[in-house]
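Welcome, and thanks for taking a look at this one with us. Please keep the sequence and the 3D view side by side as you read through the notes below.

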Amino acid sequence: AVGNDALVVCISDVQMGKTNAGRGTDDLEHRFDAILAKILCHMTETDIHELIIADVGDCIENVENHTSVAQITSNDLSLPEQIRMWQRLMTKAIITLAPYADHTTCLTVPSNHGQWRRNGQQMGDADWGISSMRAIGDAFDLRPEDWRVDFKLPTHDWDIANAITVNGCNIVFTHGHHARRQDNIPDWIMRQASTPSNPYARANVCVSGHFHNARVVYSSNGRTLVECPTIDGGSQYYTDSTGEWSDPGMAIFHVRNGRATDIRIITE
C-alpha cells in the first residue's frame, strides 16, 4: 500500500436513459456496478487518503436539449426518471467507495446534455448535472453521521470548469464540448490558460469528456490531459461521424507529488 495517495475517479457521459443497439438503462446500471466493483477492489489494495469522484458531464441523455426526433425517441426514461436514476447511481458510487478513503470530494461540471433547455433552446445557466450533485450533497448534509464527504460545485452555474488541488496537484475538470473536436482540446486549453485568472493557467492535470474516445495527452507545457471514455453503450452517430470509439468505462488515476500517475481505464 502507498500512504497519502489520492485517487481520482472520473465518471463521464453516463447519458442516463440513452438507448443504443438495443441497450438501455438496465445494461448501463449493470456496467456501472461492475466497474465500481473493480475500482473498490483497487482501493482495498491501496491506502487512499483523498478520493475525488468527478462527474465530467452528460450524466443524463435529456429529452429536451435537442429538437431532433431521433434524439427524443432514443431514450427509455423520461427526463424526471433520468435525473432520479443518475442521482441513484452517483449516490451508489459515493457510498460504495467513500468508506475506503480518509476523505472524499465529489464534484461536477456543466455539460451540453445537462443544459436546461426547452425545444432545443437554452433557458438559462442552470444545469441538471449541477442540480443533481447539489441534491445529493443536501441529502448527505442531512444525515446524522459524518461520511467525511464534501461536495464542490462550480462557483457559478455558468462556469465551464471546476478545479481542485490535491497532493500539490492542480486538477481542472471540464466537459470539453466547447472545444468542438477532440483534436482541438490541447489548443483550446492553452487558450484558456492564457488568462492568468483562469484555473487552466495553474493546471497540472486537465480532465475532459464528451468525445467518447479515451485518450491521454502529455503536452509540451507540462499539463497532462486525461480525456475520458463514455460509460454509456456507445453512439453510432458519433462513430459514423468521427470514426472514433472506445470501450465504455471510467478513467481513474492517482495523484502523487503534484503529478497524475497510474492512469488507467476501468471497463466492465
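With 268 residues, a compact globule would have a radius of gyration near 18 Å, and the chain agrees with that at 17 Å. Do keep in mind that this is a predicted model. The chain is built from six helices and 13 strands.

**Overall picture**

- Along its principal axes, the C-alpha trace of the chain spans about 50 × 45 × 35 Å.
- Of the 268 residues in the chain, 53% are buried.
- If you take the contacts between residues at least 6 apart in sequence, 70% of them join residues at least 24 apart.
- The chain exposes about 11900 Å², and 49% of this area comes from carbon and sulfur atoms.
- On the charge side, there are 22 positive and 34 negative side chains, and the centres of the two sets lie 4 Å apart.

**Helix α3 and what covers it**

- Helix α3 covers residues 79-97, which makes 19 residues.
- From its first C-alpha to its last, α3 reaches 27 Å, close to the 27 Å expected at 1.5 Å a residue.
- Which residues of α3 are buried? They are Leu79, Gln82, Ile83, Met85, Trp86, Leu89, Met90, Lys92, Ala93, Ile94 and Leu97.

- Isoleucine 53 sits in strand β2, and it counts as buried because its relative accessible area is 0%, where the cut-off is under 20%.
- Leaving aside neighbours within four places in sequence, isoleucine 53 is in contact with Met90, Ala93, Ile94 and Leu97, as well as Val9, Ile11, Thr104, Thr105, Cys106 and Leu107.
- Isoleucine 53 and glycine 24 are 29 residues apart in sequence, and their C-alpha atoms are 24 Å apart in space.
- Isoleucine 231 lies in the loop between β11 (224-227) and α6 (236-242). Buried or exposed? Isoleucine 231 is buried, because its relative accessibility is 0%.
- Isoleucine 231 and leucine 28 are 203 residues apart in sequence, yet 7.7 Å apart from C-alpha to C-alpha.
- Beyond neighbours within four places in sequence, the contacts of isoleucine 231 include Leu28, Arg31, Phe32 and Ile35. Ser12, Asp13, Val14, Pro248, Gly249 and Met250 are also in contact with isoleucine 231.

**Two asparagines with positive phi**

- For background, most residues other than glycine have a negative phi.
- Asparagine 62 has a positive phi, near 75 degrees. Its place is the loop between β2 and α2 (69-73).
- Asparagine 62 is buried, because its relative accessibility is 1%.
- Asparagine 257 also has a positive phi, near 55 degrees. You will find asparagine 257 in the loop between β12 (249-256) and β13 (259-267).
- Is asparagine 257 buried or exposed? Asparagine 257 is exposed, because its relative accessible area is 76% and the cut-off for exposed is over 50%.

Conventions. Residues numbered from 1 in each chain as written. Predicted model: local features only at pLDDT ≥ 70, side-chain atom pairs only at ≥ 80, totals over all residues. Heavy atoms only, no water. Helix = DSSP H or I, 4+ residues; strand = E, 2+ residues; numbered from the N terminus. Rg over C-alpha atoms; globule rule 2.2 N^0.38 Å. Buried < 20%, exposed > 50% of the residue type's maximum accessible area, 1.4 Å probe, protein only. Contact = heavy atoms within 4.5 Å. Areas by Shrake-Rupley, 256 points an atom, 1.4 Å probe, with all protein chains shown as cover. Lys, Arg positive; Asp, Glu negative; His and termini not counted. Charge placed at Lys NZ, Arg CZ, Asp CG, Glu CD. Expected span 1.5 Å × (residues − 1).
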